[in-house]
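Please keep the sequence and the three-dimensional view at hand while reading.

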Amino acid sequence: GASWPFAVNMMDELRTTDWTLHDEPPASALSGARIAYGRYKRPLAHVPLSRLASRYRMKEWAYASCTTPDWLFALAVVQIGFVSQLFAYLVDRRTGAMRQVDRLVPLGRGLRFAESSIEGVTRWRSKNVAVDFGFDGGHYVKLDLPLGDERLSGELHMLPDESLALLYPLVATSNWLARLC
């Protein structure tokens with residue numbers, strides 16, 4: 001099938017990008033008119049999504065999980081343009097019992113993403129659910145949400161550590177689109 005006009009340029013980007021895991025990211029995801037594709041051990045502080053989104057369809061998400069010998073907890077907020085989603089689950093690792101919540105909000109209302117994972121707060125607000133993902137020297141999650149017939153409220157603070165920031169060109173062809181339909 002025929003490629004989208006920018007698919008050829010993206011294939012060139014894939015071939016010419018240095019995919020070595022770099023210690024430090026660039027100051028911005030954009031360098032002039034060029035996107036700083038690559039892999040980095042630290043988050044990018046400046047990601048101008050409005051400029052990137054004009055060229056690509058953006059998907060954003062924030063995810064956190066915590067595991068103990070007895071429990072597994074996972075939480076995510078996702079923005080895919082026409083809808084936002086929150087899901088969380090808590091699993092008792094001894095019994096396998098699970099409590100969960102899943103919310104979909106049309107047109108992405110109720111979800112606002114921070115400038116980056118280290119600047120600002122990603123915030124979800126909907127009926128009976130409040131979640132904040134932020135950074136204060138280490139990442140944190142503040143939450144108040146229903147899990148089954150109970151509520152989970154509290155804060156999770158993560159120690160600073162390496163992360164993985166990935167800027168990767170999307171490759172799309174008409175064959176790829178056909179598989180989605």
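## Confidence of the model

The protein has a mean pLDDT of 78, and 73% of its residues reach 70 or more. Over residues 1-8 the pLDDT is below 50, and this stretch has 8 contacts in the model beyond near neighbours in sequence. Residues 172-181 also have a pLDDT below 50; there the model shows 9 contacts beyond near neighbours in sequence. The structure described here is a predicted model.

With strand S6 (residues 71-79), S7 pairs in the antiparallel sense over 9 bridges.

The hairpin of S7 and S8 has 5 residues between the strands, with Gly96 at a positive phi near 85°.

How much of S7 is covered? Of its 10 residues, 7 are buried, and the strand is mostly covered. Leaving aside neighbours within four places in sequence, Asp92 is in contact with Asp70, Trp71 and Ala97.

## The sheet from S9 to S13

Five strands form an open sheet in the order S9-S10-S11-S12-S13, with antiparallel pairing. Which strands stand at the edges? They are S9 and strand S13 (150-157); each has a single partner strand, so one side of each is left without a neighbour in the sheet. As a general point, strands of a sheet pair through backbone hydrogen bonds.

Within this sheet, S10 and S11 run antiparallel and are joined by 5 bridges. Arg125 stands opposite Ala130 in S11.

Strand S12 (residues 139-147) contains Lys142, which counts as partly exposed because its relative accessibility is 35%. The C-alpha atoms of Lys142 and Asp132 are 5.1 Å apart, while the two residues are 10 residues apart in sequence. Not counting residues up to four places away in sequence, Lys142 touches Ala130, Val131, Asp132, Gly154 and Glu155.

Most residues other than glycine have a negative phi. Leu107, although not a glycine, has a positive phi of about 60°. Leu107 lies in the loop between strand S8 (98-106) and strand S9 (111-112). Is Leu107 buried or exposed? Its relative accessibility is 61%, so Leu107 counts as exposed.

Asn128 also has a positive phi, near 65°, and is a residue other than glycine. The loop between strand S10 (122-126) and strand S11 (129-135) holds Asn128. With a relative accessibility of 47%, Asn128 counts as partly exposed.

## Salt bridges

How many salt bridges does a search of the whole structure find? The search finds 6. One of them is formed by Glu150 with Arg99, the closest N and O atoms being 3.5 Å apart. This pair links distant parts of the chain, for Glu150 is in strand S13 and Arg99 is in strand S8, 51 residues apart. Glu150 counts as partly exposed at 43% relative accessibility, and Arg99 is partly exposed with a relative accessible area of 30%.

Asp132 takes part in salt bridges with two arginines. In the salt bridge of Arg123 with Asp132, the closest N and O atoms are 3.0 Å apart. The side chains of Arg125 and Asp132 also meet in a salt bridge, at 3.0 Å from N to O. Arg123 counts as partly exposed at 27% relative accessibility, and Arg125 counts as partly exposed at 38%. Asp132, in contrast, counts as buried because its relative accessibility is 10%, under the 20% limit for a buried residue. Elsewhere, salt bridges that share partners join Asp70, Asp92 and Arg94 into one network.

Definitions and conventions: Residues are numbered from 1 along each chain as its sequence is written. This is a predicted model: local features need pLDDT of at least 70, side-chain atom pairs count only at pLDDT 80 or more; totals for chains, interfaces and linings use all residues. Side-chain values use heavy atoms; hydrogens and water are left out. Helices (H or I, at least four residues) and strands (E, at least two) are DSSP runs, numbered from the N terminus. Buried means under 20% relative accessible area, exposed over 50%, partly exposed in between (1.4 Å probe, protein chains only). Two strands pair if DSSP finds at least two bridges between them. Contact means heavy atoms within 4.5 Å. pLDDT is the predictor's confidence in each residue, from 0 to 100. A salt bridge is a side-chain nitrogen of Lys or Arg within 4 Å of a carboxyl oxygen of Asp or Glu.
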